[in-house]
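Here are my notebook entries from a first look around this structure. Have it open beside you and follow along.

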Amino acid sequence: MTTLAQGKRTSRRPGGPSVGRPGFAWAVPATVFFGLFAIVPLVFVAILSFTSWNGLGTPQFNGVDNWVALAKDPVMIQSLGITVVLVVLGIVTQTPLSILLGVWAAGHQKNRAVLSAICFVPLLLSSAAISVLWRALIDPNFGIPGELPWLFGNGNLLGSQAGAIGVLTFVGGWQFIPFHTLIYQGAARAIPPVLYQAAQIDGAGTVRSFFNVTIPQLRNSMITSLVLMLVGGLTAFDTVLILTAGGPGTASTNTAYYMYQKAFLGFDFGTASAIALVLAVVATTISLVVVRATGYDKMRSTQEGL
Amino acid sequence: MNKRSARLTRALAATAILAVGVALSGCSSSGAGAASDRPAGVIHVAIYGDTANKVEQQIADTFNKTSKIKVVLDKIPGANYQQKLQTIISTKSAPDVFFNWGGGSIAQFVNAGLLLPLDGFIAQDPKLKSSFLPSVFNSASMGGHDYGIPMRGTQPVMLFSNKQVLAKYNITPPTTWDELLADVTTLKAAGITPIALGGADQWPTLMWYEYVYDRVAGPQLFDKALAGDKSQWTSDASMTALKDIKQLIDAGAFGTNFDSVKFTDGGSPKLLRTGKAAFELMGSWNYSTQQAADPAFAAKDLGYSAFPSIAGGAGNQTDLAGNTNNFYSVIKATRYPNTVRDFLKLMYSDEFVKAQLAIGNLPTTTNTVNFLSTAASPDYATFQYNLVKDANSFQLSWDQAYPQTASTAMHTAVEGYFAGRLDAAGFAAAMQALPIK
Amino acid sequence: MKARPNYAAGVGAVIWLAIIAIPLYVMLQATFETQAGYGKTGALGIPNTFTFENYVNAFSVGFGHYFVNTVIVTVSVVAIVVVLVPPLSYAVVRNQNRATSLVFRLFLLGLAIPAQAVIVPIFYLISLAGLYDNLIGVILPTAAFALPICTLILSGSMRDITPELYEAMAVDGASPARAFFRLAIPLSKGGLSTIIVFSALQAWNGFLFPLILTQSDSNRVITLGLFNFQTQYGVNIPGLLAAVVMSMVPVLLVYLFARRSLVQGLMGVGGK
């Protein structure tokens, strides 16, 4: 109803910017549904963060105890640093590779379709499959390190912080680069050929047209991909759980995994809720900053600039 | 526009507050509610979902043939068993009976008043207690009450070996710590990893502490520490035990890359099986693991022996460590306690014992001894049974004796001392910091 | 696109293909080995046995009604997403007032909620609604958690429809609803198929919600069936991987079928 009323009202101003715009009612069903199953539980988590609760009986309010304890918890503080390192490493390794692969896959070479189909299979694998597969592959005696001692030495990849973080970054790339490649492939295909022709006339080679034409045209895709990597990287713990269990010691315990540990190994739901809240707020803030700083939320097409 | 959005914001906020209020009151309805709220005509049994639950299914089917109230098995994916159980156990979706490991795995449920003490059942049928070996049965007793009936089998930790490797270097399974050290030196010189260790799983590392502490200080040290006497961890005996462990690590007993090896994905059993390692300290399930991977090796070349003694130590050489058993515990709110009691009686039946032995588990009932010859591997079953029967004490794995909340920090400390990140004082301090309730 | 093939990129792509394909090959190869055979050779060895036993086993434990349940969950989740997301994206793109941009931020926040963090409250909500151990109870939260990324993708797609087209329709007297069905939907088909594929993947591979929110065997989905290949202290690797491969095949077929549209849809995410 609201929609129709608004539609009529706005159409009385012909030529105005909001001609035939849909009312807010269009957004309501999805928002209510989402609010009920995601935002309400999140509010509940926010309340739990001020309680002490092991999942049994009634949560006991304990004020800001969980927050104070977390602020002093060395593992929590260390985990923030590890999270930053993992997210940054993820972005700097995955972004260039995804761009290169996406641009390449957008071309018209023979066999490209088959190759890119295979490349995207990791997208389809569940975490159970990835865990079993990679655990077998990184075994120091019988996996890949055992076959290539000149590269991996004694294969004790999970024995040092650098090794553990390296493994996490590599497997993370294996798992997620296909997805980001897909984003760039789509965007690269949509670049008007006329831009390349113009660059060629100006005497630009492959490398120069890549940097002068392709990269600027992929700007919006980079932002999308960046937001997904940031948010995904901040909140991901599956690979940590599966591959290093946060070790050696706590050297690869990122904040999301620390939350999982608190919640489902220690059943300290109060502290886990506080960590979850920190993560959700930080991730949302960062993605909002990215979206705002780049003007992405203005919802304007790159095409308009042409 | 703004008015509308303000209205919407208010409506959303109201919905959220309402829902949270309802959800919170849902949580606070502590306990699993009245018996009459529970499903009629069935008892739910939550069971660890894995390949072994075909026996549990068989027993449930047997029971259902004669019972009007039926047993329904809810198989929960193993790796996530505890997570699921903890979520549902205080709600009306709780199972009537559930699988557990005794000790710390049920302590918080006992504290929360969720579990039914089985004293009444035992008074009605004394065999529910007398049919089981006491060293096993007692791991599920707390504060003078019994909370669990043993099911599946016992899983003591033993020193496994590759007989071919031992024969090649003229080694017999060590009976003393000094022999073990000497064997390590011999094997290391020959370029073989003396002892396979799945350090990335962390719990295999813990087994070394459990045995060395027992042999050096006797079972009392750990029992006292768990009861609240934290000074035990800094005692002389504790320091001696840590020094012995260090000596073994420094002798190169575990090789250099054990941090990256796992038992659970087959890494460390394979080291032993292929002769790249000579020994492995592991739970009795190692036999079935090896058998699945290479039946001929398990039958011919897999050796097993008790943990060696340590000279001057207070522990008895027959002391065991490991998983004493799995248990069934009962929720207080169960609607059909008598049916539950009758179902539990099957855990000492001949049918149960035979079926468990056939799949390689070793039940700890008094009638087990009658059927040892029908076991999947009779020699192995007999050796294990005698080990448990003759044990002076049977220490429940530390990570299961302590409350769940302690397990992460304990594993980190155990792994940290092995890796050299913690010194003895650091390890003791970490153990002292563990919650005991 | 480019005038000449880029050989360097081609070589790089082939190296990447190897990195992707070797683990996949290891997985496939293991599924055709007996457990004993796998125990002898291990991950990278040359197979010395060949058997279909693992597939037969996987079929016998996981592919009766588990399969049917998984299909029900997946189809329902996709249906909810397809009904809810397009009007939302339409509003987000075309109605740029404060309320809708607030909604857009709400969904950005939703992107950052780890399901593990909210699973316990969700369990209580679903129990209160009387939907515990009911497939509907799995479908609703699974669909809700698929919404943020689907909204992001479809909004991107719809954003690329030029405003002039809407204005032309409005001048002809078309209502927003008409513009939605005649213009927005037909011109964002690519984005629509992308969100179908993504929500289907999430539902198909979903583990946490079915784990916590169902109980009885009759409501089990395939992902929960995989535990039949593990013991307390280890995994039957060939058996598990065979089950994984089998559960992947239907998704793979859908994916290959929808791939073209998927790429087109994601073009929208990137602004064009």
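**Chain C, annotated spans.** I looked up the unreviewed UniProt entry, and its annotation "transmembrane region" covers residues 7–28, 66–90, 102–129, 135–154 and 233–258 of chain C. The positions follow the numbering used here, feature names are shortened, and such annotations may be inferred rather than shown by experiment. I then checked two of these spans in the model, which is a predicted one: local features need pLDDT of at least 70, side-chain atom pairs count only at pLDDT 80 or more, and totals for chains, interfaces and linings use all residues, while side-chain values use heavy atoms, with hydrogens and water left out. Residues are numbered from 1 along each chain as its sequence is written, and chains are lettered from A and ligands numbered from 1 in the order in which they are written.

Residues 66–90 of chain C are 100% helix and 0% strand, with 36 Å between the end C-alpha atoms. Residues 135–154 of chain C are also 100% helix and 0% strand, and here the end C-alpha atoms are 27 Å apart. For helices I took DSSP runs of H or I with at least four residues, and for strands runs of E with at least two, numbered from the N terminus.

**Tyr124(C).** I found this residue in helix α6 (residues 115–128) of chain C. Is Tyr124(C) buried or exposed? It is buried, because its relative accessible area is 6% (buried means under 20%, exposed over 50%, partly exposed in between, with a 1.4 Å probe and protein chains only). Leu213(C) is 89 residues away from Tyr124(C) in sequence, yet their C-alpha atoms are 9.6 Å apart.

**Chain A, overall.** I noted 15 helices and two strands in chain A. Of its 306 residues, 59% are buried. The accessible surface of chain A is about 11,900 Å², and carbon and sulfur atoms hold 68% of that (Shrake-Rupley method, 1.4 Å probe; for residues, only the protein chains shown count as cover).

The unreviewed UniProt entry marks residues 23–50, 80–106, 113–137, 157–177, 226–249 and 269–291 of chain A as "transmembrane region". I checked residues 23–50 of chain A and found 75% helix, 0% strand and 39 Å between the end C-alpha atoms. Residues 226–249 of chain A came out at 67% helix and 0% strand, with end C-alpha atoms 30 Å apart.

**Phe50(A).** This residue sits in the loop between α2 (28–48) and β1 (51–52) of chain A. I list Phe50(A) as partly exposed because its relative accessible area is 32%. Leaving out residues up to four places away in sequence, Phe50(A) touches Gln60(A), Phe61(A), Asn62(A), Gly63(A), Val64(A), Asn66(A) and Trp67(A) (contact means heavy atoms within 4.5 Å). Gly270(A) is 220 residues from Phe50(A) in sequence, with 6.5 Å from C-alpha to C-alpha.

**Chain B, overall.** I noted 22 helices and 13 strands in chain B. Its 437 residues are 60% buried. Its accessible surface is about 15,600 Å², with 55% from carbon and sulfur atoms. Among chain B contacts between residues at least 6 apart in sequence, 76% join residues at least 24 apart.

**Two backbone angles in chain B.** Arg152(B) is not a glycine but has a positive phi, near 50°. I located Arg152(B) in the loop between β6 (149–151) and β7 (155–162) of chain B, and Arg152(B) counts as buried because its relative accessibility is 3%. Gln202(B), another residue that is not a glycine, has a positive phi of about 70°. Gln202(B) lies in the loop between β8 (193–196) and α10 (203–217) of chain B.

**The largest cavity.** Which residues line the largest cavity? I wrote down Leu158(A), Leu243(A), Thr244(A), Ala245(A), Gly247(A), Pro248(A), Gly199(B), Ala200(B), Gln202(B), Asp259(B), Lys262(B) and Glu415(B). A cavity here is a set of points, on a 1 Å grid over the protein atoms alone, where a 1.4 Å probe fits but cannot get out, and lining residues have an atom within 4 Å of a point. The largest cavity holds about 110 Å³, a volume being the space filled by probe spheres set on the points, which are joined across faces, edges and corners.

Gly247(A) and Pro248(A), both in that lining, are joined by a cis peptide bond with omega about 0°. Pro248(A) belongs to the loop between α13 (238–243) and α14 (255–265) of chain A.

Technical notes:
On a 1 Å grid over the protein atoms alone, a cavity is a set of points where a 1.4 Å probe fits but cannot get out, and a pocket is an open set with protein on both sides within 12 Å along at least five of seven lines; lining residues have an atom within 4 Å of a point.
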